[in-house]
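The sequence and structure are shown first.

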Amino acid sequence: MRRLALALLVCVGCKNPEQQAAESRRSQVNEALADGHAAMAAREYRGAVAAFGKATALAPDDGAAFFLLAQAQREAGNETAAALALKRAEELSKGGDPAMKRERADLYRRMGQTSLAVATLTELRDLGQLTDPELLDLARLQARLGHTDAAWTTLEKVQAKKPDDVDGKIAEAEILLVKGDEVLGTRLVDTLLDDHPQLAGALLLRAKYFLTNGYPEKALSDLDRIGPEGQKSAEVLTLKARVLKEQQRFAEAAELLGPVVEQNPRDADLACQLAEYQLLAGKPDVAQELVEQALAQRDSFPRALYVRGLTLEAQGEQPNALRQHLDALKVEPGFAPALSRVWQLYLKKGEKNEAMGALERLLFMKEASPKERIALAALYADTGVNLERGRKLIDEQLKKSPRDPELKELKKRLGKGKPKSGGGVQIIRKRR
């Protein structure tokens with residue numbers, strides 16, 4: 001009887017092979033997670049990636065392990081892999097974790113994939129998980145992609161609660177400008193600056209508007225009006241560098257942006273902007289090094305592909321350059337700098353329809369410069385299509401340069417017509 005009791009006691013402590021294997025696997029997972037946490041604390045991010053990767057391999061249904069892997073991949077600079085790991089973590093979490101979606105949206109933005117970022121942020125909006133500042137940011141991103149109806153829908157969620165919110169009004173003005181309601185948009189910016197003369201957001205918006213429409217001096221004047229704290233922001237400094245580039249002051253643009261890149265060493269977009277200015281300033285080796293560093297982290301980063309294309313153009317390799325710019329557009333179809341090069345390369349090849357397509361995308365995105373609007377009108381005259389739009393584009397330019405003989409000749413080539421009134425660049429009042 002005593003022997004039977006002992007036997008039963010031993011059997012109670014027995015575990016079948018499946019239970020033993022599961023416990024062993026869990027123990028290995030915990031050990032890998034501990035190694036990963038230790039590596040993250042020591043900033044040994046590659047080791048953390050390896051450790052958390054081992055954990056996900058052992059526990060492929062553990063969403064928390066995939067989330068940790070995504071964080072490690074991001075710290076290691078592998079943002080494409082980080083986005084994939086985050087996506088898997090979301091799939092494994094019941095109903096999707098808003099924190100994971102928010103981080104994935106941020107990753108997409110850092111990768112230059114604005115469309116994917118907007119899609120993810122829209123999911124968060126529909127779940128009611130975005131703050132008012134995040135909603136306004138989403139509205140501006142949607143507008144910049146040309147999705148003005150969606151931008152209004154997002155903006156209304158803020159304005160329904162705070163109809164007189166200043167930041168909401170700035171976002172409203174930007175949507176109006178992108179939509180083409182320039183009279184209303186500029187009037188709203190003007191009113192905001194009458195009430196708040198140093199309102200950084202409104203001054204930035206107006207500076208961008210002036211720069212796009214061929215007034216870099218006015219843009220620089222507005223940027224100089226922003227207060228001392230605002231002058232330190234990366235957004236103000238990068239826009240100033242763009243103005244200097246437009247004025248062909250390339251070395252000054254690179255000098256201005258250099259410290260910003262040093263303060264944000266992992267921001268590939270800033271590094272690639274600096275690479276472009278260094279290339280234009282006659283330092284192709286410095287530019288190439290910056291680009292390759294960015295592409296080592298993200299092999300499909302749009303601005304890096306674009307600057308690589310510029311480098312190839314400078315070397316006379318036009319077909320390869322065009323491929324790089326087109327690759328950038330595959331990743332981000334609305335990437336304006338690449339479109340601005342693509343139409344010119346197509347035109348050199350005599351492919352006018354393709355050139356028109358790229359220019360029209362710039363026009364509809366409100367990113368076409370005065371030079372590009374004239375080029376598009378000239379292509380309309382050459383091909384005999386969209387003559388009415390061409391006349392409107394030239395009328396806008398004639399308002400600024402009424403005696404320009406080339407514009408007058410182009411107007412004749414476009415034929416007679418009655419373009420709609422009220423178009424053209426609105427010069428916003430500037431009060432001191």
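Contact here means heavy atoms within 4.5 Å. By that criterion, and leaving aside neighbours within four places in sequence, Leu376 touches Met356, Leu359, Glu360, Leu363 and Leu393.

The model is a predicted one, in which local features need pLDDT of at least 70, side-chain atom pairs count only at pLDDT 80 or more, and totals for chains, interfaces and linings use all residues. Residues are numbered from 1 along each chain as its sequence is written, and side-chain values use heavy atoms, with hydrogens and water left out.

**Overall architecture**

The protein chain contains 24 helices and 0 strands; helices (H or I, at least four residues) and strands (E, at least two) are DSSP runs, numbered from the N terminus. Its C-alpha trace spans about 115 × 55 × 45 Å along the principal axes. Of its 432 residues, 47% count as buried, where buried means under 20% relative accessible area, exposed over 50%, and partly exposed in between (1.4 Å probe, protein chains only). Among contacts in the protein chain with a separation of 6 or more, 51% are between residues 24 or more positions apart.

**Nonpolar cores**

A nonpolar core is a set of buried Ala, Val, Leu, Ile, Met, Phe, Trp, Tyr and Cys residues joined through side-chain atoms within 4.5 Å. The largest such core has 60 residues, and those with the most contacts inside it are Leu257, Ala304, Trp343, Leu376, Ile394 and Leu414. Helix α16 (residues 268-280) supplies the largest share of this core, 8 residues. Another core, of 43 residues, lies apart from it and includes Ala151, Leu193, Leu204 and Tyr215.

**Packing of α19 against α20**

Two packed helices are described by the angle between their axes and the distance between the axes. Axes are lines fitted to C-alpha atoms, for helices over the stretch in contact, and angles run from 0 to 180 degrees between N-to-C directions. The axes of α19 (residues 318-331) and α20 (residues 336-348) come within 9 Å and cross at roughly 145 degrees. The crossing of α19 past α20 is left-handed, a term that applies if the near helix is turned anticlockwise from the far one by less than a right angle, with right-handed used if clockwise.

On the α19 side, the contact is made by Gln318, Ala321, Leu322, His325, Leu326, Ala328 and Leu329, which meet Ala338, Leu339, Arg341, Val342, Leu345 and Tyr346 in α20. By class, this contact has 10 nonpolar, 2 polar and 1 charged residues. In this classification Ala, Val, Leu, Ile, Met, Phe, Trp, Tyr, Cys and Pro count as nonpolar, Asp, Glu, Lys and Arg as charged, and the others, Gly among them, as polar.

**Salt bridges**

A salt bridge is a side-chain nitrogen of Lys or Arg within 4 Å of a carboxyl oxygen of Asp or Glu. By this rule the count comes to 32. Three of these pairs are listed below.

| Salt bridge | Closest N and O atoms |
|---|---|
| Lys101 and Glu123 | 2.8 Å |
| Glu134 and Arg102 | 3.0 Å |
| Asp222 and Arg206 | 2.6 Å |

The pair of Lys101 in helix α6 (residues 98-110) and Glu123 in helix α7 (residues 114-126) links distant parts of the chain, 22 residues apart. Lys101 counts as buried at 10% relative accessibility, whereas Glu123 is partly exposed at 33%.

Glu134 lies in helix α8 (residues 132-144) and Arg102 in helix α6, so this pair ties together parts that are 32 residues apart in sequence. Glu134 is partly exposed, with a relative accessible area of 26%, and Arg102 is partly exposed, with a value of 29%.

Asp222 belongs to helix α13 (residues 216-224) and Arg206 to helix α12 (residues 200-212), so their bridge ties together parts 16 residues apart in sequence. Asp222 is buried at 0% relative accessibility, and Arg206 is buried at 1%. Elsewhere, salt bridges that share partners join Glu90, Lys101, Arg104 and Glu123 into one network.

**Loop residues with positive phi**

Most residues other than glycine have a negative phi. Arg43, although not a glycine, has a positive phi of about 60 degrees. Arg43 lies in the loop between α2 (17-41) and α3 (45-58) and counts as exposed at 66% relative accessibility. Asn386, also not a glycine, has a positive phi of about 50 degrees. Asn386 is found in the loop between α22 (370-383) and α23 (387-400) and is partly exposed, with a relative accessible area of 35%.
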